[in-house]
Amino acid sequence: MSEEPVVYLEDVTIGVGAGVDRFELSATCFRLLPGECVAVIGPSGSGKSLFLEAIGLLRQPVSAGRFDLALSADGVFDAARAWRQADTAALARCRLQGIGFLLQTGGLLKSLTVEANIRLPAAIAGRPADSLSLLDALQLTAQRRLKPAALSGGQRQRAALLRALSAAPGLLLADEPTAALDPGNADRVMELLVDTVRRGALKAAIIATHDAERARRFGMSLVEIVAGSTAAGGRATVDSRAMLCAA
Amino acid sequence: MIVLGLAVRDIADEWPTALCLMVGIAAAAAPLIMLLAIRGGVVSQMRGELERFPSSRELVSTGQPVVEWQTVTALGRRPDVAFVAPRTRMLAASAIVERKGRRTAVDLVPSGPGDPLALGWVPGSVTLSDPAASALGVRRGDKVVLVVGRTRGDGTREAERLTLTVAGVLPGAQAGRQLALVGAGLVTATEVYREQADVGSMVEAARIADLSRTERRYAGVRIYARSVDDVAQVRSALVALGIETDSRIDEIRLVQRLDRSLSTVIAVIAAVAAAGLALSLAAAQWGWVERRRADLGYLRLIGLDSRDVMLLPVLMGTLVTVGGLAMAIGLGLIGQHIVNRLFAGLFGGMAQVSAMTGADIVLVSALALAASLIASVFGSLSAGRIGPAAALRGQ
């Protein structure tokens, strides 16, 4: 495995809103290496989701010095240039082929069974749903034909994880994946995330969370969004050189 | 197709809502189908009754009009006229038909190519009415002898005999009298033969009749409109020429008015039903899109493009409408059965008061599907504006 960063941001600024509601997040330097599982921490409203949106190629940065994604064997995708050239097709392709999303409450489609939910992203991408083989490991085999409404919160989030892995992405972005879970289930999901990266099923993962203690406990690198302020509105900085490393 | 699968699953998942919408659609479409079926049953059977007999299209001149040959040919050129023949004075137009010793008196009716009563007419043929044919015991293809007699000024009688082939027999329902339909020229020749004592034979009379046909004045016309609906127009044209006629125009007008009135009622109900259907579907779909923003955003996130997401409300609306239409057709068939039992025997033994046709179903289905497509536009546009980021923000 090369040591080329999976995500490499330099001087990337992301903005939202206008006037007094304007909020800007600057990533002066953010490097995510293969095999890394990073927790982006910060209180609510600090811009964690905004950061994930930017890395997930869902939000155009205001400016980007460097925005490289190395998600697949195809090499490095220059997202800064793709945004500059407004190449939405290339951005969408990179997102679909390389990035999986795990949402706060799972976001499983309620009309589909667990299995159909897991198959869906792979079916749209036109490939087999490899992550179905993990049903057993995640103790969801008995629930595969049930709809999300019949599942517990923990089961739902595990199913959502399998769905996020369905199209075999290189990078997983998880937005507060444990916020809606009880401590036991929260631990379980964190452990699965870390384990998935460790086993190489994912190149790397970024988890936005306000639960620094749990992230640290599972051996994740922490990147804190540091709040600053400008006259106009909110401002925050993320810099992985200031990473608080555990273990 | 993934989107169709998603639409079907979603309807199945929210089946009580879908069922309510379907019942709503059926409640609007079923009465429409039934009304169309009843219009079809009543009107088409009344019309069919009229169309079955050529006599419905016949206009017979009354009184003693004087009709020029040019008028007859001008009438014959009209597109709404199927057949026209000049009439001679009635008295002149009687003769005897004989076969193997049996004989019967007939009225000669001027006929010719295109005469709806004498299909298959050729020169030298005769079409007999049922009473005349049975009096002679003849069938199609038999030879008969037409005897045209006259009384000279000195009281002596003489007769000419012509052999004709029976081209057909008119069913009893169409003519109760003893009639022989022969070429219009032959009827005129009969008149010439009887009026002009110096004309020696029917052959000569026929020659004179033919030569003088353009200068002759006729005592009326026998005329058939192209269709039942053309009768009124032909009648007006004849009135303008000073020819009053007897026809079944009142019966025809009744059917036409009934048809138009029912069509108006159906159009009004259809408009109200389509508007109701479109509004209720539009509201349901708008609500659905609003409720499912995060899900739709997620579908965008995992690679459905906005066209696919826009297609979802359209497909769901269409599926629900198809379901509603199926119910409506079922209800319509039940309604038809009840109506036909309730009205059995009424309206002069009409076979079926309600007669649903494929065309009725196609019409109502097309209307309902069009309304559903229009209704889907709003939900569809709203869904199309949802981007993939809505999945992250929408919760």
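In which helix of chain B is B:D210 found? B:D210 is found in helix 6 of chain B, residues 202-211, where helices (H or I, at least four residues) and strands (E, at least two) are DSSP runs numbered from the N terminus. The views below show a predicted model, in which local features need pLDDT of at least 70, side-chain atom pairs count only at pLDDT 80 or more, and totals for chains, interfaces and linings use all residues. Residues are numbered from 1 along each chain as its sequence is written, while chains are lettered from A and ligands numbered from 1 in the order in which they are written.

View 1. B:D210 counts as partly exposed because 13 other C-beta atoms lie within 10 Å; with C-beta atoms placed from the backbone, a residue is buried if 20 or more other C-beta atoms lie within 10 Å of its own, exposed if 12 or fewer, and partly exposed in between. From B:D210 to B:L373 the sequence separation is 163 residues, and the C-alpha to C-alpha distance is 67 Å. Chain B is divided into domain 1 (2-50 + 253-393) and domain 2 (58-247), with bounds that come from an automatic or database domain assignment. A distance of 57 Å separates the C-alpha centres of domain 1 of chain B and domain 2 of chain B.

**View 2. Helix 2 of chain B around B:L35.** B:L35 lies in helix 2 of chain B and is buried, because 21 other C-beta atoms are found within 10 Å. Apart from its neighbours within four places in sequence, B:L35 is in contact with B:V265, B:I266 and B:I269, a contact being a pair of residues whose C-beta atoms, placed from the backbone, lie within 7 Å. B:G124 is 89 residues from B:L35 along the chain, and the two C-alpha atoms are separated by 51 Å.

**View 3. The largest nonpolar core.** This core holds 188 residues, of which A:V40, A:A205, B:I25, B:A29, B:I33, B:V126 and B:A180 touch the most other members; a nonpolar core is a set of buried Ala, Val, Leu, Ile, Met, Phe, Trp, Tyr and Cys residues joined through C-beta atoms within 7 Å. Helix 2 of chain B, residues 15-52, gives the most to this core, with 17 residues. Domain 1 and domain 2 of chain B each supply at least three residues to this core. On the chain A side of the view, A:A205 is in contact with A:C37, A:L171, A:L172, A:A174, A:L193 and A:V197, its neighbours within four places in sequence being left aside.

**View 4. Strand 4 of chain B and its two partners.** Strand 4 (residues 94-99) and strand 5 (residues 102-111) of chain B pair in the antiparallel sense over 6 bridges, where pairing requires that DSSP finds at least two bridges between two strands. Within this pair, B:A95 has B:V106 in strand 5 of chain B as its bridge partner. The two strands form a hairpin with 2 residues between them, and B:K100 in the turn has a positive phi of about 45°. Strand 4 of chain B is also joined by 3 bridges to strand 7 of chain B, residues 143-151, and these strands run antiparallel. Here B:I96 stands opposite B:V147 in strand 7 of chain B.

**View 5. Contacts between chain B and chain A.** On the chain B side 16 residues are in contact with 21 residues of chain A. Helix 1 (2-13), helix 9 (293-301) and helix 13 (390-393) of chain B each supply at least two residues of the side that touches chain A. That side of chain B has 10 nonpolar, 2 polar and 4 charged residues, with Ala, Val, Leu, Ile, Met, Phe, Trp, Tyr, Cys and Pro counted as nonpolar, Asp, Glu, Lys and Arg as charged, and the others, Gly among them, as polar.

**View 6. Two loops of chain A.** A:L57, in the loop between helix 1 (48-55) and strand 4 (63-72) of chain A, has a positive phi of about 60° although it is not a glycine. A:L57 counts as buried, because it has 25 C-beta neighbours inside 10 Å. A:A168 is placed in the loop between helix 5 (153-165) and strand 7 (171-175) of chain A, and its phi is near 50°, a positive value in a residue other than glycine. With 19 C-beta neighbours inside 10 Å, A:A168 counts as partly exposed.

Methods: Two residues are in contact if their C-beta atoms, placed from the backbone, lie within 7 Å.
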